[in-house]
Amino acid sequence: MTSMTTRIAAPTPDVLDEAARMIRAGGLVAFPTETVYGLGADATNGEAVARIFAAKGRPKFNPLISHGASLEMLRGEAKFDDRALSLADQFWPGPLTMILPRSETGKVADLTCAGLNTIALRVPDHPVALALIEKAGVPIAAPSANASGTLSPTSPHHVAESLGDAVPLILAGGSTQFGLESTVVDLTGPETVIVRAGAITAEEVSECLGVPVTYELSATDKPRSPGQLLKHYAPNIPLRLKAVDVKPDEALLAFGSLKFMCVKGGGKASDLPPAQIRNLSENADLLEAAANLFAYLRALDKPEHKRIAVMDIPNTGIGIAINDRLKRAAES
Ligand code: TXA
Ligand code: MG
C-alpha cells in the first residue's frame with residue numbers, strides 16, 4: 001500500500017544530501033542499484049539496521065550486504081585475500097557480493113552480519129547508490145526493498161507498493177539494469193563457492209581467479225532443505241528462555257525492568273556482577289534490543305556461566321525475529 005508519507009524523489013544533489021543525512025541519523029532510504037532497489041540504513045548503526053528488519057517484516061535476522069562506494073571504504077571491514085582483491089579489481093563496482101571473514105577492527109554492526117564472523121560486501125554499479133553512500137560516508141546495509149516473501153523491486157513504484165510508509169524516502173532511478181540480485185561468492189574457505197546465482201557467472205569468477213568455482217545454491221536460496229542451512233551464530237552454553245528468575249550460576253540476558261527479577265536463593269538480579277548480566281533494553285525498546293542481541297549473547301557466552309537465562313521478550317514486530325533467533329540458539 002502506498003501512503004501519503006512515502007516520497008518518491010528524483011535524486012537531485014539536494015535530495016541526495018537529505019537522503020545522506022537521513023542515513024546518518026539512523027533512518028531508512030530506498031535507492032536504486034544496477035540489480036534491484038535496496039532498502040538502506042547505516043550499516044554501522046545496529047538500531048538503524050533493526051529498522052530494516054522491522055520495515056520488511058522479516059521474521060528472521062538474515063545477514064545483510066554492506067554496500068561501499070569503493071574498495072577503500074570496505075577494506076577495513078574484512079580480511080581481503082588475493083582472490084577477493086582480484087575479484088574487486090575486475091568486478092567492482094558491479095553485481096558481485098563477496099562473503100569474507102570479518103576484521104576485528106571493522107565498524108559494521110553485529111546485527112548487519114546477524115552475529116556471524118563473516119561479512120557480505122559489495123560496491124554497486126549505479127551513480128545514485130554510489131553518490132548516496134559517498135555522501136553518507138558510511139557503508140550502507142541494504143537488502144532488496146520489498147516486504148519479506150515478495151518479489152524484489154526493480155522500479156521505485158514496486159518499492160512503494162511493497163513497503164508503503166515503512167520507507168519515508170525512495171530515490172527514483174528508473175528501472176534497474178539487471179532486475180536480478182547480485183551473485184554472492186563465498187570466499188571464507190579455501191574453496192571458491194557461489195551461494196547465490198546472479199548476473200556474474202561461475203565461469204567469469206573462475207576465469208578471473210584461475211581456480212575452479214562451484215555452485216552451492218541451496219545454502220541460501222532454499223533455506224528449507226535441511227543440512228544445508230545458512231550457518232547461524234549460536235552460543236556455546238545453553239539458553240533458558242522466558243526466565244522469571246536467575247540461578248546463581250547463570251548469566252542473565254535481561255529485557256526491560258529488573259524490578260521483579262530475583263536471584264534464586266536470595267538477592268536481586270540488579271545486584272549481579274556486571275560480567276553476569278546484560279540488559280537488551282532497559283526501556284523495553286525492541287529496536288534497541290535487536291541492535292544489542294548478538295553482542296550481548298557473545299558477552300555472556302562464557303564457560304564460567306552454566307547457561308544464559310533470557311527474560312521474556314514480547315512476540316510482536318521485530319520481537320518475532322529476536323525470539324526466532326533465541327529459540328534456535330536454545331535448541332542448538
Ligand atoms: O543485488 C543485491 O545483492 C541486492 C542489492 C540491494 O544490493 N541486495 C540483496 O540483499 O539482495 P539480500 O539481503 O536480499 O540478500 C543478501 C544475500 C542473502 O542470500 C544472504 O543470506 C547472503 O547475501 N549473505 C549476507 N551475508 C552473508 C554471510 N555473512 N554469509 C553468508 N551469506 C550471507
Ligand atoms: Mg531479497
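How far is an oxygen atom of ligand 1 from an N or O atom in the side chain of serine 182? The distance is 2.6 Å, a polar contact (a pair of N or O atoms within 3.5 Å). This is a predicted model, where local features need pLDDT of at least 70, side-chain atom pairs count only at pLDDT 80 or more, and totals for chains, interfaces and linings use all residues. Residues are numbered from 1 along each chain as its sequence is written, chains are lettered from A and ligands numbered from 1 in the order written, and side-chain values use heavy atoms, without hydrogens and water.

Stay with the ligand. Histidine 67 places a polar side-chain atom 2.7 Å from an oxygen atom of ligand 1. For the side chain of arginine 196, an N or O atom lies 2.9 Å from a ligand 1 oxygen. Alone, ligand 1 exposes 690 Å², and the protein buries 93% of that (Shrake-Rupley method, 1.4 Å probe).

Now look at the shell. Around ligand 1 there are 22 residues, each with a heavy atom within 4 Å. β6 gives the most, with four residues.

Turn to the aromatic rings. The structure holds three aromatic pairs (ring centres within 6.5 Å; planes under 30 degrees apart are stacked, over 60 edge-to-face, the rest tilted). The rings of phenylalanine 61 and phenylalanine 294 have centres 6.2 Å apart and planes at 70°, so they meet edge-to-face. Ring pairs link Phe53, Phe61 and Phe294 into a cluster.

How values were computed. Polar contact = N/O pair within 3.5 Å; in protein donor to acceptor, adjacent residues only side chain to side chain. Helix = DSSP H or I, 4+ residues; strand = E, 2+ residues; numbered from the N terminus. Phe/Tyr/Trp six-rings, centres within 6.5 Å; stacked < 30°, edge-to-face > 60°.
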